[in-house]
Amino acid sequence: MDRHTPQQRSKNMQAVRSTNTKQEIRLAKALWKLGYRYRKNNKTVFGKPDITFKKLKIAIFIDSEFFHGKDWETRKKPQTNAEFWAKKIERNIQRDIEVNNYLTENNWKVLRFWSKEIEKNLEECIQVIEYEIALRKAKS
C-alpha cells in the first residue's frame, strides 16, 4: 500500500530528473573549468551518456544509487509496489550492462560514477577522467 495519494506520488516522481542532476552539473562544471570541452546527453552515442568526448570515444555516465541498483543484491528493497521496482531496477541494471558492452565493442571507454562518488570525491572522479583523456590522446 502506498503512503501517498496518487497525485502526491505523481508529483514526487515528476521531480526525479533524468538529465542535469546536481551531480551531473557539478562534474560538468568542474571539467569545463579545467578547459575540457564535451557534449552532454549526446543522442548520437548509444545509451545517451551524460558526458561524451566523442573524438576520444569516452562516455561518462553518472548513475543514481537507487535507480541503477547499487548493491542491489544486498540492499533493502522498496516495500511499496515492490514487484514494479524490482522489475524496473533489474532492467536498468541489465540495460547498463548492454550499453557498456556495445560501447566497449565499438572502442569506447565507458566510465561510470555513482552520484555519491561525485558528491564525496569529485577530485578523484576528475583524476580518473583526466587519466583516460591523456591515455586516449597519447594513442591518437
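Which residue lies over the face of Trp32, and at what distance from the ring centre? Arg37 does, at 3.7 Å from the ring centre, where a charge counts as sitting over a ring if NZ of Lys or CZ of Arg is within 6 Å of the ring centre and within 35 degrees of the ring normal.

## Basis of the model

This is a predicted model, in which local features need pLDDT of at least 70 and side-chain atom pairs count only at pLDDT 80 or more, while totals for chains, interfaces and linings use all residues. Residues are numbered from 1 along each chain as its sequence is written, and side-chain values use heavy atoms, with hydrogens and water left out.

## Aromatic pairs

Five aromatic pairs are found in a search of the whole structure; rings of Phe, Tyr and Trp (its six-membered ring) pair if their centres lie within 6.5 Å, and planes under 30 degrees apart count as stacked, over 60 as edge-to-face and the rest as tilted. One of them joins Trp32 and Tyr38 edge-to-face, at 5.5 Å centre to centre and 80° between the planes.

Phe46 and Tyr102 form a tilted pair, with 4.5 Å centre to centre and 50° between the planes. Phe46 lies in the loop between strand E1 (39–40) and strand E2 (51–53) and Tyr102 in helix H3 (residues 82–105), so this pair ties together parts that are 56 residues apart in sequence; helices (H or I, at least four residues) and strands (E, at least two) are DSSP runs, numbered from the N terminus.

Trp32, Tyr36, Tyr38 and Phe53 form one aromatic cluster. Elsewhere, Arg112 lies over the face of Phe61, at 4.1 Å from the ring centre.
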